[in-house]
Amino acid sequence: MNDKDPMLDLAESQTWFGVRPGMTRAEVIAALKAQGVEAEAYRGNDLMAVADEWELEMFFATDGSDRVRQVSVSGETVTWKGTQLMEARLDAALEAMEPIGPAMWQAADASGEPFPEVVVSPAETVSDERLLDEGTLWLAERRMGLVLCAGEVIGVVWREARDFPTVFAGALTAEQRELTRRADLADYLRTKRRERMVVVRARDPLAPWRALVTVLALAAMAWLGREGFRTWQRWQQAEILTGKLVAMEPVPKRAFREYVFPQLRWIVPPVGTVMVNGYRVEYLDPRGKRREVMLEEGDFYVPPHEIGEEVQVGYVDGDPPEAKGPSRVRDVAFLETMPTGIVIGVLYVVAVIGIGVPRAVMRIRRRGK
C-alpha cells in the first residue's frame, strides 16, 4: 500500500475516493483527477478507475442525465470500522457492520451486471448455496450491496434509493449466515455448483431406439475392422511373383459398389460403366500352374507399356487363389473395407434421423390443429 491508496472505511466515508451515486460524469472525472487517478472507458458507457490497492467502477444512466446509478468498489483498502471486507466470509462482514437492518438477496452479481434486463422472478426459488456462491446481499438502510463469490465478499456496490433493486430472491436468514461459517465452505459450494450445472433432461422415449441403432452400428464397425485386419494379415503373407504382360485392352473400371461387402451391396445403386486400360498378366503360381489376371492402372506404381514386359504380382493361395498388383497388395485392407464403412455410416445417420421423423411429423400436425 502507498500514500496514493488510503484506507476506505465505508462506515465513515461520504464518498468513495471522491465518487458517490448521483454525480455526473464530469464530476466523477474531476473528482478522480484531483486524486491523480485517470478514469477509463468501461463497457462503452461506463467508467473504471484503478489504483494499486483498489478498483472503482461507475455505471451511468442512459436516459440523458449521465448520472452515476451505481458505484462498485473492491480492493484491500476497503474496510468497515477497521475490519477488512474483501475476502471476508459473509457472516464476519455482517458482524462488523451490525446493525445491518433489512437485508435482501439478488440472485446475480450486481458488480458484473448491475442492471440486468432479465431478473429473477419473485416466485422462483433460489437455493442458499447459489445465493452465497454468486449473489448480492442488499442492505436497504445503507443502500449498499455485498457481492459474494464462494461465500466471501468480493465487492461492495452503492446506489441511490431510486436505483435500488425492486425484485429480490428472498431475505437473509440465520441459516445462511451459519452456512458461511463452515470450514469446508469453498468445497461445499463447489460441489453444489457442479450439481446445478447438470441439466436434467426430459426422458426421450426414442432414446432406447437410438441406443439400439448405435450399438448395432458399433458392432458392424467392429466386425468390419476384424475383417479388414484379417485381410491385411492375409496379404502381408502374399508371395511376390514375376509374370509378363500379354495384352492391353479396355476393361470396365471396378466401381465403388463392387468394393462394398455383398451383404450391403444392394444398398448402393449401380452406376454407368466407365472403361479404363486393362493389363492382362500371365504368371506361374508356386505350383508351376500357368495363370492369368486382369489388372488396372491402380494396381501398379508404374504401369507397363510393352507386351512381354516383366510385371510383378502379389499372389495369395486360396479357393480361388487371388493375384493383385504391387500397389493393391499394400492398400488392399483399406480399399476393401473403407467403402463398406462408408455405407454403414450412412445407414446409421439415416436410421437415427428416421427414428425421429414420425415424432416430428406428429408435432407439426398438432401445431397445425
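Two strands are taken to pair if DSSP finds at least two bridges between them. Strands (E, at least two residues) and helices (H or I, at least four) are DSSP runs, numbered from the N terminus. The model is predicted: local features need pLDDT of at least 70, side-chain atom pairs count only at pLDDT 80 or more, and totals for chains, interfaces and linings use all residues. Residues are numbered from 1 along each chain as its sequence is written, and side-chain values use heavy atoms, with hydrogens and water left out.

An open sheet of nine strands shows antiparallel pairing. The strand order is S2-S3-S4-S5-S11-S10-S9-S8-S12. Strand S2 (40-42) and strand S12 (170-171) form the edges, each pairing on one side only.

Strand S11 spans residues 152-159. Six of its eight residues are buried (under 20% relative accessible area; exposed is over 50%, partly exposed in between; 1.4 Å probe, protein chains only). Strand S5 (residues 68-75) pairs with S11 in the antiparallel sense over four bridges. Gln70 has Arg159 of S11 as its bridge partner. Strand S10 (residues 144-149) also runs antiparallel to S11, with six bridges. Here Cys149 is bridged to Glu152 of S11. The hairpin of S10 and S11 has two residues between the strands. Ala150 in this hairpin takes a positive phi near 55°.

Strand S8 (residues 103-106) and strand S9 (residues 136-139) are antiparallel and joined by four bridges. Gln106 stands opposite Thr136 in S9.

Helix H1 (residues 25-34) lies across strand S3 (46-50), strand S4 (54-60) and S5. Contact here means heavy atoms within 4.5 Å. H1 runs at about 165° to S4. Axes are lines fitted to C-alpha atoms, for helices over the stretch in contact, and angles run from 0 to 180 degrees between N-to-C directions.

Asp133 sits in helix H3 (residues 128-134). Asp133 counts as buried because its relative accessible area is 5%. Its side chain makes a polar contact of 2.7 Å with that of Arg193. Such a contact is a pair of N or O atoms within 3.5 Å; within protein, one must be able to donate a hydrogen and the other to accept it, and residues adjacent in sequence count only if both atoms are side-chain atoms. Not counting residues up to four places away in sequence, Asp133 touches Leu148, Cys149, Ala150, Gly151, Leu189, Arg193 and Arg196.

Val167 lies in the loop between S11 and S12. Val167 is partly exposed, because its relative accessibility is 28%. The C-alpha atoms of Val167 and Lys253 are separated by 75 Å. These two residues are 86 residues apart along the chain.
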